Amino acid sequence: MIDLQGRIVTPGLVDAHSHVGVRETPQLWATEDVTEISAPVTPWARAIDAFKPHDGAIPVIASGGVTTSLVLTGAKNQISGEGVVVKMKQANSVRGMLLNLTESGGKPQRYLKMAMGENQKRQFEHVPSGPSTRLGESYWFRKAYDNARRLKQEQDRWCEIASTTKGFKSITREYPRSLEWQTLVDVLRGDVRVNVHGYETEDILAMFDHADEFGFNITALHHALHANLVMDQIKARDIAVVGFSDSWGDKKELYNVSSYFPARIAEYGLPLALTRDHPAEHGQWLVYEAQIAHHFGLSTDSAIASIISIPARILGLDNRLGFIRPGYDADLVVWDRHPLQVGATPLEVYIDGNSVAHAPDGLWKASESGNFVREAPISRPNASPESTCRVGQSDIIIRGLGMSFVGADGLRMEQPETGNLTVVVRAGRIVCIGESRCDDVARRAVEDNTLVVDVEDGYMLPGLTIVTRQHGLTEMRQEPSTSDGASAGDEFKRPLSTRFGIKFDGVHLKRAYKAGVTRIVTPPLTNGFFHGISTLFRSGAKSVLDDGAIAEPSAALHFTIGHDGKSAQTPSITSQISKLHDLLTVGKHLHPVYQSAAKGDIAVVVHTNNKDVIAHMIALKKDTGAHIVIMGGSEAHLVAAELAEADVPVIVAPFWGCEPLFWDARNCLPGPPLVDRLGPQLLIDAGVKVAISNWDDTNNHIRNSIWEASWVAGPGNRSLALDLVSKNIEDILQLPRSRDFVIYEGDPFNFGARVAMIFEEGKVQSCYPDVDGI
């Protein structure tokens, strides 16, 4: 008997789309077995044949509460093979992880993966026999199913003949078999659940045509981020959607997706499951998908169901998964707070009644605090309210604030002011923030016909400042024409500067800005070691000609050290470190920026994750006196004390500091419940100055920065959370202080808040912005 003292317990989470075990992390060529690309159609391939039970991601994903995963083959070809359902427990054989799918004596559940869209075009574009257009993709589907239909007809004729004594005696050949096509025959017989990868409506509708032509059913459309445009046709076929709440933007087929996609799918009555598509997104945080979907309007019940009961039903296993009922598998998760709250973390995870993850006692004790909320957060209001807020106003009175982190001087305060606050702005400058002390100032402003704006549950924060990989330079990573282009990484004599390439348009900048990220630092793109000089710019500017569009033309000097930095001139990590040392010492005459860097006047940002490279950077600072900054820092916790002693700050990206996709980040910390703390938290504990930012080449997560900062800071620690995405970035990169301010309705450090006003360059720039920036 365990006394949980009122804590929340849910069934184990179910991920209906994962590649764990067939795309082992860290990813190596030797272990990449997700898609057999020797042909466009490989229905004979089976995930179980390549599944690696010792994939280090398995216990980490389980620690996030995920107890069951459908492991699918990949999406680089049209029909990639059969998936397998596994329990996320450690075993020496995949057979020790399988569900007993035939326990009732019936046919086992089976799962086929098919795909249409850009991936297949890209994979076979230069293969003479493969498809290079959607036209070719459809042909390969039809050809495959035509072969399967012919085989099925032969089998049916054989069985019809064999059904009588006379006919059986006349049979002269064995039952028709085909290793190549039997899986598709089983699809036509209704014995396999068909899972289709595709985003665009043309892909969805083409697949419906193929299903109608050959007479098979589709169980689920995976990803399908434009399915909201054809919901009536999907519903008529009783097909589920397995999608994302926050993965969009890096290619055309998932560009400009609505933030309200999950809510619209569920409200229409379509079964919705959310997935992480591990390792495309880290599978440990499946609950994060539900949290974000809930923020954007998905109901509490639907959000929880999207990661538990609905995926169980899609798998055909809702007779034993997805509920806490007598006779169901004892897959349970004990949460430290409501699972839809920012930072919600399992305290214990059970699979088949056995504990597979148990948080240290300190985390159990901490979760008894009132800061660990056991109710679901609210969703963000969608409709814009009636408001007197007007763009372009330089004189304004704002009433209804409960908390402000901005002082009367327009700068960030160390501790927030609370109460029933009023803000008075005259001629573009804050003249008063407070309660009764602002009464006289506000009254005089009203007499001057100054605009009065009332907000509900208002919070006032400085605009956020985030370092990113390519905001302002690339719109769709997989469409080169939408990108600034990348250098070879060897322009040492004439360093490139982002200030000459920033483009102030596109969905990524708009969505970041309308979430309160008003300033962005982006370095030049590179395919090698040396990026060049980054620029601090206003995300909401219309062009470089706007006032303050370029806030700091030379923000920092950026280098990548590691596998990604290897190029013709710096083919090894040794050569990369040697070159950086030379640029800061004997080679600093090559350009004045290196002289500034050697004196510590401009930050030298080194993008790396490996603890030994980080140690070399600490030594480099001691040798040169340069202001070295680590960005990435997945393994930085291993040298936390040394970083603190040398005063080397770390900009952690991603925020949790641990997604060991590649070898140089393999020693990152997975965080609770497997260990006490996240990597960034250990750095903060050691006295390292830490900020969090984004180095995701798909661009999409920057607007989540305030939640992720709150996650790292912990419940109730708003000051630290704000520092992580504003003041600490400014301190680390020696940037000018932000004088922007953003008014939120609701607590921006939790889900459910929205931006009510953005004020910068002395006037109101946005009122209740459309969250998608469309």
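Contact here means heavy atoms within 4.5 Å. I needed that before looking up one residue in this predicted model.

**Entry on Q576**

I looked for Q576 and found it in helix α15, which covers residues 573-584. Is Q576 buried or exposed? I read a relative accessible area of 0% for Q576. Buried means under 20%, so Q576 counts as buried.

Next I asked which residues Q576 touches, leaving out those up to four places away in sequence. My list for Q576 has F529, T560, I561, G562, G565, K566 and T570.

**Entry on the fold**

I then turned to the whole protein chain. I noted 22 helices and 28 strands in its secondary structure. The radius of gyration is 28 Å, close to the 28 Å that the globule rule gives for 774 residues, so I put the chain down as being as compact as a globular protein of that length. Along the principal axes, I have the C-alpha trace spanning about 105 × 60 × 55 Å.

Residues 24 or more positions apart account for 72% of them.

**Entry on burial and surface**

What percentage of the 774 residues in the protein chain is buried? I wrote down 60%, and Q576 is among the buried residues. For the surface, I recorded that the chain exposes about 29900 Å². Carbon and sulfur atoms supply 49% of that area.

**Entry on charges**

Last, I looked up the charges of the protein chain: 76 are positive and 94 are negative.

Note on methods:
Residues are numbered from 1 along each chain as its sequence is written. This is a predicted model: local features need pLDDT of at least 70, side-chain atom pairs count only at pLDDT 80 or more; totals for chains, interfaces and linings use all residues. Side-chain values use heavy atoms; hydrogens and water are left out. Helices (H or I, at least four residues) and strands (E, at least two) are DSSP runs, numbered from the N terminus. The radius of gyration is taken over C-alpha atoms; the globule rule is 2.2 Å times the number of residues to the power 0.38. Buried means under 20% relative accessible area, exposed over 50%, partly exposed in between (1.4 Å probe, protein chains only). Accessible areas come from the Shrake-Rupley method with a 1.4 Å probe; for residues, only the protein chains shown count as cover. Lys and Arg count as positive and Asp and Glu as negative; His and the chain ends are not counted. The place of a charge is taken as NZ of Lys, CZ of Arg, CG of Asp or CD of Glu.
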